[in-house]
Amino acid sequence: MSSARSQQRSVISERVAAWSDIAQLLRGGEAGTLIPVIIPRHRRRLWWMLPLWLGVFALLSGVMLSLRGAGTDGVSDLAYGALAAISYIGGVVLLLIGGLWWWRSSIVEIEQGTNGVLTRYGAVTRTLDAGRHYLWHPWSRVDFVVDVATEIPYSAPVMACPTQENVPLRSIEFFLKFRITDAVHFVRTIGAGNFDLVLSSAVQDAIRQRARLIHTERAYDLRGSDVADMQELLNRQLSRYGVRITGSNIPDVQLPAQYQQHLATREQVAKERTAYEQEWGLTRKRRIDQLGMDIERAKKVRDARIVEVKAALNRAREEVAQLLEQQETNAQRVRFEIETRGRSGLISAENEARAQRALAKAYRDNRAVLQYELARRRLEVGAELASKAPQPVVVRTDGGGDTSALSTLLAAQLLPRLTSTPQALPAVDARQLGNLVRGEDADGEE
């Protein structure tokens with residue numbers, strides 16, 4: 001179902017229509033009216049029972065005529081038989097006509113996307129899905145056909161909504177889409193006409209509450225604003241009727257003439273400000289581009305100077321490296337000269353030391369030989385002098401020695417012998433001499 005959005009409030013209602021007009025009314029409405037519920041014009045009359053009863057009466061009449069003709073003879077029997085045959089044929093034909101009429105009137109076709117509310121004796125029994133159904137019970141009928149698949153658009157402009165400053169806005173247009181989720185609950189609880197009043201009241205209340213929260217000069221901010229809280233509030237209020245809001249927004253807001261002029265002035269100022277900002281942005285961009293070009297030029301000059309400095313630095317490094325190489329060469333040459341002079345001095349010093357050592361050794365050897373010869377000569381001279389010198393004989397007669405007469409006699413005998421020998425004799429201890437005498441005495445005794 002679709003409807004053109006305008007400043008007029010949408011109207012939801014239900015219509016009584018024939019089965020052939022249901023699809024057109026559900027999809028297009030009628031003169032700007034939204035029709036989500038159709039009451040089908042009932043076509044299931046009981047006239048189909050008349051041929052059935054007539055057929056049964058004709059069959060019973062044929063039976064009676066057959067029984068009556070069985071008790072007669074001749075022409076009466078033929079007449080009753082013919083009438084009975086006609087009654088049978090007529091009864092069968094009437095039964096066929098009544099059965100076909102009953103079959104045809106029991107067919108119900110539900111449109112795609114809709115549900116049919118089936119009642120029996122006025123009580124709701126169940127819902128019929130889309131497709132063909134057969135209602136064989138004579139008192140079963142489809143009282144309502146409800147659109148449950150289409151999201152129905154609903155426009156509700158609210159007039160004279162006061163803002164936070166208590167300034168009434170000319171209108172706030174609220175647009176929503178809803179879908180019937182429970183056909184039986186909807187038609188039995190509220191119905192299409194009452195739902196229009198309830199939905200309009202709920203929308204106006206929600207819009208007025210929202211308008212009370214904003215300032216007048218910011219009323220245009222309601223256009224396209226987030227209305228999820230309003231949608232949730234409406235869903236809580238309308239869920240008891242088997243309806244669910246699937247989408248909502250505020251497409252348009254109209255202010256009073258005074259505020260429109262004020263806002264027009266503000267918009268003009270805003271436009272001029274935007275134009276100035278754009279002009280300033282262009283100027284700023286041009287200046288930024290010029291500065292960028294200058295910066296790039298300065299960067300190029302800086303890079304060129306950096307290249308020159310690097311080249312000069314490389315040249316200086318090369319010169320320094322050359323000077324360092326020359327200095328190192330000179331230093332190495334001087335070091336080699338010093339080392340050569342040092343080695344030659346060291347070699348000469350070593351040679352001189354060797355010569356001095358050899359000379360010292362030779363001098364030392366000659367001196368030792370001379371000292372040896374001198375000592376030997378001294379010894380020879382001493383020996384010769386000693387051999388010619390008198391030899392004293394010392395007789396030790398200190399305390400503890402033997403001073404007997406025998407010892408004295410023996411010493412007197414030995415002294416001439418000792419003095420006759422040219423060699424010097426050692427000193428003779430009186431004790432040893434006494435011992436020697438005593439020994440000799442002992443030998444003589446033996």
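β9 and β10 pair in the antiparallel sense over 9 bridges (strands are DSSP E runs of at least two residues, helices H or I runs of at least four, both numbered from the N terminus; two strands pair if DSSP finds at least two bridges between them). This is a predicted model, where local features need pLDDT of at least 70, side-chain atom pairs count only at pLDDT 80 or more, and totals for chains, interfaces and linings use all residues. Residues are numbered from 1 along each chain as its sequence is written, and side-chain values use heavy atoms, with hydrogens and water left out.

Helix α6 lies across β9 and β10, at about 135° to β10.

As for α6 itself (residues 228-238), M230, Q231, L234, N235 and L238 are buried (under 20% relative accessible area, with a 1.4 Å probe and protein chains only). Looking down the axis of α6, these buried residues fall within an arc of 140°, so they line one face of the helix (the arc is that of the directions from the helix axis to the C-beta atoms). They pack against β9 (168-180), α5 (191-211) and β10 (243-254).

Conventions. Buried means under 20% relative accessible area, exposed over 50%, partly exposed in between (1.4 Å probe, protein chains only). Contact means heavy atoms within 4.5 Å. Axes are lines fitted to C-alpha atoms, for helices over the stretch in contact, and angles run from 0 to 180 degrees between N-to-C directions.
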